[in-house]
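Me: I would like to learn how to read this model, feature by feature. Please give me the general idea each time, and then the case at hand.

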Amino acid sequence: MPDVLVLVDQDGERVHKSTYELLTAARRLGEPAAVVVGTPGTAARLEASLARHGARSVYAAESAEADEFLATPAVDALELAVGEASPAAVLVSATTDGKEVAGRLAARLDAGLLIDAVDVDSSGVVTQVVFGGSYTVRSQVTHGMPVITVRPGSFEAEECPVRAEEKKLTPPPVAAAACARITARRRAIAGDRPELTEATVVVSGGRGVGGAEGFRVVEELADALGGAVGASRAAVDAGYYPHRFQVGQTGKSVSPQLYIALGISGAIQHLAGMQTSKTIVAVNKDPEAPILDLADYGVVGDLFAVAPEVTRGVAARRTGG
Ligand SMILES: Cc1cc2nc3c(=O)[nH]c(=O)nc-3n(C[C@H](O)[C@H](O)[C@H](O)COP(=O)(O)OP(=O)(O)OC[C@H]3O[C@@H](n4cnc5c(N)ncnc54)[C@H](O)[C@@H]3O)c2cc1C
């Protein structure tokens with residue numbers, strides 16, 4: 001079976017859940033092979049967890065400068081790994097960085113590029129969400145090797161323990177003059193909540209929350225469910241919640257098991273970022289709100305009455321009360 005290369009999302013210590021999803025998707029197309037780009041020693045730290053999720057090969061593209069540049073080290077590493085493995089496909093997470101890497105790799109290799117995949121079948125046919133979520137299409141690359149970006153949350157990560165073989169790549173020095181160098185990094189203060197794109201549960205608030213203080217009810221429900229907090233653009237623009245939590249066409253794309261929308265009308269640009277969630281619950285006081293057409297469960301009511309009630313119910317179940 002041909003290799004399928006997966007670019008590993010990681011923070012030097014830990015593999016992100018989106019990578020396990022990619023390794024699961026890769027098994028439909030061939031033998032998963034992980035590509036780790038980082039400073040020396042990174043691949044060795046991550047190898048066991050990658051092997052547990054089915055990576056038979058771990059390509060280590062390590063250099064002292066790997067973390068100093070955006071995208072380019074990953075594009076260089078994938079180009080080298082493609083040369084070594086002649087893979088059936090390359091899978092990359094459909095994040096902002098991932099899409100840049102995938103686009104540049106496809107251009108370098110004259111390969112076909114499919115973005116925002118939410119499903120991949122064994123013949124390489126990909127289901128994509130396009131035009132801001134207005135259409136779902138099935139596509140297949142007809143020229144060159146497919147480079148596919150997969151939306152985080154589209155696949156259920158499954159363990160598949162194998163023995164991984166580490167393979168060293170020797171990345172070329174990054175052409176610093178042509179790249180922006182990262183001069184400092186500051187970790188975002190994220191608290192205890194899961195990362196938005198990795199969370200199994202996302203509770204989002206919209207303009208209907210009415211203000212920054214109102215987001216307390218959104219956070220309390222998210223915390224009760226062990227989920228992440230999201231926000232609509234209207235809520236972000238109004239200053240209720242920071243931009244990094246925006247869900248939608250110009251925010252983050254999420255695909256959790258459960259998405260709860262509180263006081264969000266359901267504009268197409270918001271739906272573009274969450275409509276592939278497995279179960280959608282919406283609370284809106286307007287029975288005509290478009291989000292209620294998409295929701296699996298819709299509650300017509302005041303979010304300030306409904307959400308705290310749900311939070312109490314979840315907490316009571318947790319404590320067996
Ligand atoms: C190019 C472009 C890109 C965009 N990108 C994004 C994007 O990435 N993400 C995004 O979200 N939007 C995006 N938008 C904006 C989008 O069009 C909508 O304006 C936005 O999603 C509306 O946010 P909202 O649903 O919170 O606000 P509104 O549309 O104002 O809806 C608020 C809802 O809250 C309900 N409500 C009010 N009070 C309560 C209450 N007490 N209890 C229950 N319900 C209540 C109301 O009935 C209403 O349905 C984009 C727009 C453009 C043009």
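Reply: Start with contacts. Two residues are in contact if their C-beta atoms, placed from the backbone, lie within 7 Å. Keep in mind that this is a predicted model.

Me: How many residues of domain 1 are in contact with domain 2?

Reply: On the domain 1 side there are 14, and they meet 13 residues of domain 2. By class, the domain 1 side of this meeting has four nonpolar, eight polar and two charged residues. The domain assignment puts domain 1 at 3–178 and domain 2 at 196–318. Their C-alpha centres lie 30 Å apart.

Me: Next, the ligand. Which residues are the closest to it?

Reply: G206, G208, R233, A234 and G248 are the closest, out of 28 residues that surround the ligand. Then sort the shell by class. It divides into nine nonpolar, 14 polar and five charged residues.

Me: Which element gives the most to that shell?

Reply: Helix α6 does, with three residues. Four elements each supply at least two residues: α6 (233–237), α7 (268–271), β13 (279–284) and α9 (303–318).

Me: How do I read a nonpolar core?

Reply: In soluble globular proteins, nonpolar side chains tend to be buried together. Here the largest nonpolar core has 56 residues. The members that touch the most other members are V6, A34, V35, V36, L78 and L91. Helix α3 (residues 72–85) gives the largest share of this core, seven residues. Apart from this core lies another, of 41 residues, including V218, A222, A224 and V236.

Me: What does V35 touch, not counting residues up to four places away in sequence?

Reply: V35 touches L5, V6, L7, V8, Y59, A61, A77, L78 and A81 on that count. The strand around this position is also worth a look. Strand β2 (residues 31–38) is mostly covered, with seven of its eight residues buried. Strand β1 (residues 3–7) pairs with β2 in the parallel sense, over five bridges. Within that pairing, L7 stands opposite V35 in β2.

Me: Now single residues. Is L22 buried or exposed?

Reply: Count neighbours. A residue is buried if 20 or more other C-beta atoms lie within 10 Å of its own, and exposed if 12 or fewer do. L22 has 32 C-beta neighbours inside 10 Å, so L22 counts as buried. It is found in helix α1 (residues 17–26). Setting aside residues up to four places away in sequence, L22 touches V6, L91, S93 and V150.

Me: Last, backbone angles. How do I read phi?

Reply: Most residues other than glycine have a negative phi, and most peptide bonds are trans. A71 has a positive phi, near 60 degrees. D116 also has a positive phi, near 60 degrees.

Me: Where are A71 and D116 found?

Reply: A71 is found in the loop between β3 (57–62) and α3. D116 is found in strand β5. Now apply the neighbour count again. A71 has 19 C-beta neighbours inside 10 Å, so A71 counts as partly exposed. D116 has 20 other C-beta atoms within 10 Å, so D116 is buried.

Terms used:
Residues are numbered from 1 along each chain as its sequence is written. This is a predicted model: local features need pLDDT of at least 70, side-chain atom pairs count only at pLDDT 80 or more; totals for chains, interfaces and linings use all residues. Domain bounds come from an automatic or database domain assignment. Ala, Val, Leu, Ile, Met, Phe, Trp, Tyr, Cys and Pro count as nonpolar, Asp, Glu, Lys and Arg as charged, and the others, Gly among them, as polar. A residue is near a molecule or strand if its C-beta atom, placed from the backbone, lies within 6 Å of it. A nonpolar core is a set of buried Ala, Val, Leu, Ile, Met, Phe, Trp, Tyr and Cys residues joined through C-beta atoms within 7 Å. Two strands pair if DSSP finds at least two bridges between them.
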